[in-house]
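Visitor: Please show me the model, and then walk me through how its parts pack.

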Amino acid sequence: MAAADTDRVAVRQQYMDRAIPEFVGIPAPAVTCWTAAHSDLHSANVTAPLRILDREGWGRAPQGFDAATLYAYSLLQEDVAARVRAAFPVLGSPAGLAAEATLCAQLLQTVARGDNLTLEDQLRDWSEELRRR
C-alpha cells in the first residue's frame, strides 16, 4: 500500500503537532517520508491467506505507520510484539519515530477517553521508550 500515490490523508501534521507533545511528552518528530497507509492495520483486519480488510481510512501517514499499528496492538503479547519489530526495521529507526509517536499518542488519547484500557500500561511504557530516543 505504501507505494500507492494519493492525496488522501490518514494522519495530519496538525494532529501530530498537538497530540504527540500532549500524550507522549515529546515534540512532534519530523516526518522524513509520507507514504500511503491502511491506517488501521491490526490482526482483526488481516486474514489468511493474506487479505487486508477495512480500508476506508487509508491515506498518507508517516512512513512505518502501519507497522507501528501492528506493533501497538500486539503489545499484550510480548513475543508477537518482538516479531513485529523484527519484521519491520522502520520501527525503532529515526525514520519510524514519527509514526510510532503518532500511533502511541492516538492510542493514549483513546485511553484518556476510557477505551483500550487493557493496553494502557504497555502504551505508557512505549511512550517512555519514545521519550528516551
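Guide: Leu123, Trp126, Ser127 and Leu130 are the buried residues of α5 (buried means under 20% relative accessible area, exposed over 50%, partly exposed in between, with a 1.4 Å probe and protein chains only). Seen down the axis of α5, these residues fall within an arc of 100°, so they line one face of the helix. The arc is that of the directions from the helix axis to the C-beta atoms. This is a predicted model, where local features need pLDDT of at least 70, side-chain atom pairs count only at pLDDT 80 or more, and totals for chains, interfaces and linings use all residues. Residues are numbered from 1 along each chain as its sequence is written, and side-chain values use heavy atoms, with hydrogens and water left out.

Visitor: How many helices and strands does the protein have?

Guide: Helices (H or I, at least four residues) and strands (E, at least two) are DSSP runs, numbered from the N terminus. From the N terminus on, the elements run α-β-β-β-β-α-α-α-α. The count is five helices and four strands.

Visitor: Which residues of α5 are exposed on its other side?

Guide: An α-helix has 3.6 residues a turn, so residues three or four places apart point the same way. In α5, the buried residues are Leu123, Trp126, Ser127 and Leu130. On the other side, the exposed residues are Asp121, Asp125 and Arg132.

Visitor: What covers the buried residues of α5?

Guide: Take Ser127, which is in α5 (residues 120-132). Leaving aside neighbours within four places in sequence, Ser127 is in contact (heavy atoms within 4.5 Å) with Val24, Cys104 and Leu108. For the buried residues of α5, the cover includes α1 (13-24), α2 (65-72), α3 and α4 (97-112).

Visitor: Is Ser127 buried or exposed?

Guide: Ser127 has a relative accessible area of 4%. Because of that value, Ser127 is buried.

Visitor: Which residues are exposed on the face of α1 turned away from its buried side?

Guide: Start with the buried residues of α1: Tyr15, Met16, Ala19, Ile20, Phe23 and Val24. They cover an arc of only 105° around the axis, which puts them on the same side of α1. They pack against β1 (34-37), β4 (59-62), α4 and α5. The face turned away carries the exposed Gln14 and Glu22.

Visitor: At what angle do the axes of α1 and α4 cross, and which word describes it?

Guide: Two packed helices are described by the angle between their axes and the distance between the axes. Axes are lines fitted to C-alpha atoms, for helices over the stretch in contact, and angles run from 0 to 180 degrees between N-to-C directions. The axes of α1 and α4 come within 8 Å and cross at roughly 65°. That makes α1 to α4 roughly perpendicular (65 to 115 degrees; under 35 counts as roughly parallel, over 145 as roughly antiparallel, the rest as oblique).

Visitor: Is the crossing of α2 and α4 left-handed or right-handed?

Guide: The axes of α2 and α4 come within 8 Å and cross at roughly 45°. That makes α2 oblique to α4. A crossing is left-handed if the near helix is turned anticlockwise from the far one by less than a right angle, and right-handed if clockwise. For α2 passing α4, the crossing is right-handed.

Visitor: Which residues of α2 meet α4?

Guide: On the α4 side are Ala99, Glu100, Thr102, Leu103, Gln106 and Leu107. On the α2 side are Phe65, Ala68, Thr69 and Ala72.

Visitor: What is the phi of Asn116 near?

Guide: Most residues other than glycine have a negative phi, and most peptide bonds are trans. Asn116 lies in the loop between α4 and α5. Its phi is positive, in a residue other than glycine, and is near 55°.

Visitor: How does Arg85 count, buried or partly exposed?

Guide: Arg85 is found in α3 (residues 78-87). Its contacts, leaving aside neighbours within four places in sequence, include Trp126 and Glu129. At 22% relative accessibility, Arg85 counts as partly exposed.
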